[in-house]
Amino acid sequence: MNRDTEFRDWVHQHRPVLLRTAVLLTAGDAHSAEDVVQTALTRLYLAWSKARAAENRLAYARKVVTNVFLDETKKAWRRRESSFDAVPDVVISHDADPDDTTVLLYKALAELPDRMRAVVVLRYFHEMDVAETSRAMRCTQGTVKSQTSRALTKLRERLGPLLAEPEEGAVAPAAPVEHVPTVSISIVTAPRSNA
């Protein structure tokens, strides 16, 4: 199998997972998530020999997606764009229920600073420990711990009782619409400790 065929097959199999990560990182902005994934796949293609040698290609690709997202947030044009009082382009679904827990979760994630949101996504949605998260985000483990603590405090303030531990036998929220990842609101379960 040649390089291009191998890359194409790998992308065909794993792109939905990477897109789900990007949607969480962008707090439900499917269009920005598509841009992030496309840029990440371009970088991944250029470094495919390095990705092939990685112990876990998906983890490597997820790291690339996270870094593309964080790089995009540093761009000056993006900072200038975020000066509106109301955000007009946050459309998750045309018929989304405002009480839908997924919509509420995206709104709460959108209120977090970008790096803090990335920590939450990597630690709670991808169940990465502190060391893995710090390597993926190119920061210290102390930064990951402090960002996690602050993010959870903000999410608890914003979501309140929705972040309670699910009762035994409780059913997870209904699967959301297209381009919205299936998420469980039980993200407050204790992450794997690395301390």
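Q: Which residues does Thr 148 touch, not counting residues up to four places away in sequence, and what makes these contacts?
A: Thr 148 touches Val 119, Arg 123 and Tyr 124, and each counts as a contact because heavy atoms lie within 4.5 Å. This is a predicted model in which local features need pLDDT of at least 70 and side-chain atom pairs count only at pLDDT 80 or more, while totals for chains, interfaces and linings use all residues. Residues are numbered from 1 along each chain as its sequence is written, and side-chain values use heavy atoms, with hydrogens and water left out.

Q: Is Thr 148 buried or exposed, and how is this known?
A: Thr 148 has a relative accessible area of 4%. Buried means under 20%, exposed over 50% and partly exposed in between, with a 1.4 Å probe and protein chains only, so Thr 148 is buried. Thr 148 belongs to helix 9. Its C-alpha atom is separated by 9.6 Å from that of Ala 118, 30 residues apart along the chain.

Q: What places Arg 123 over the face of Tyr 124?
A: Arg 123 is at 6.0 Å from the ring centre of Tyr 124. A charge sits over a ring if NZ of Lys or CZ of Arg is within 6 Å of the ring centre and within 35 degrees of the ring normal, and Arg 123 is listed as lying over that face. Arg 3 likewise lies over the face of Tyr 45, at 4.4 Å from the ring centre.

Q: Why is the pair of Phe 7 and Tyr 45 given its class of geometry?
A: Rings of Phe, Tyr and Trp (its six-membered ring) pair if their centres lie within 6.5 Å, and planes under 30 degrees apart count as stacked, over 60 as edge-to-face and the rest as tilted. By this rule there are three aromatic pairs. For Phe 7 and Tyr 45 the centres are 5.1 Å apart and the planes make 70 degrees, so the pair is edge-to-face. The pair links distant parts of the chain, since Phe 7 is in helix 1 (residues 3-25) and Tyr 45 in helix 2 (residues 30-46), 38 residues apart. Ring pairs join Phe 7, Trp 10, Tyr 45 and Trp 48 into a cluster.

Q: Why is helix 8 described as largely enclosed by the rest of the structure?
A: Six of its eight residues are buried, namely Val 130, Ala 131, Thr 133, Ser 134, Ala 136 and Met 137. What covers these residues includes helix 4, helix 7 (114-125) and helix 9 (141-159).

Q: How do you know what counts as a helix, and how many does the protein have?
A: Helices (H or I, at least four residues) and strands (E, at least two) are DSSP runs numbered from the N terminus. The protein comes to nine helices and zero strands.

Q: How is the lining of the second largest pocket divided by class?
A: The lining has seven nonpolar, two polar and five charged residues, where Ala, Val, Leu, Ile, Met, Phe, Trp, Tyr, Cys and Pro count as nonpolar, Asp, Glu, Lys and Arg as charged, and the others, Gly among them, as polar.
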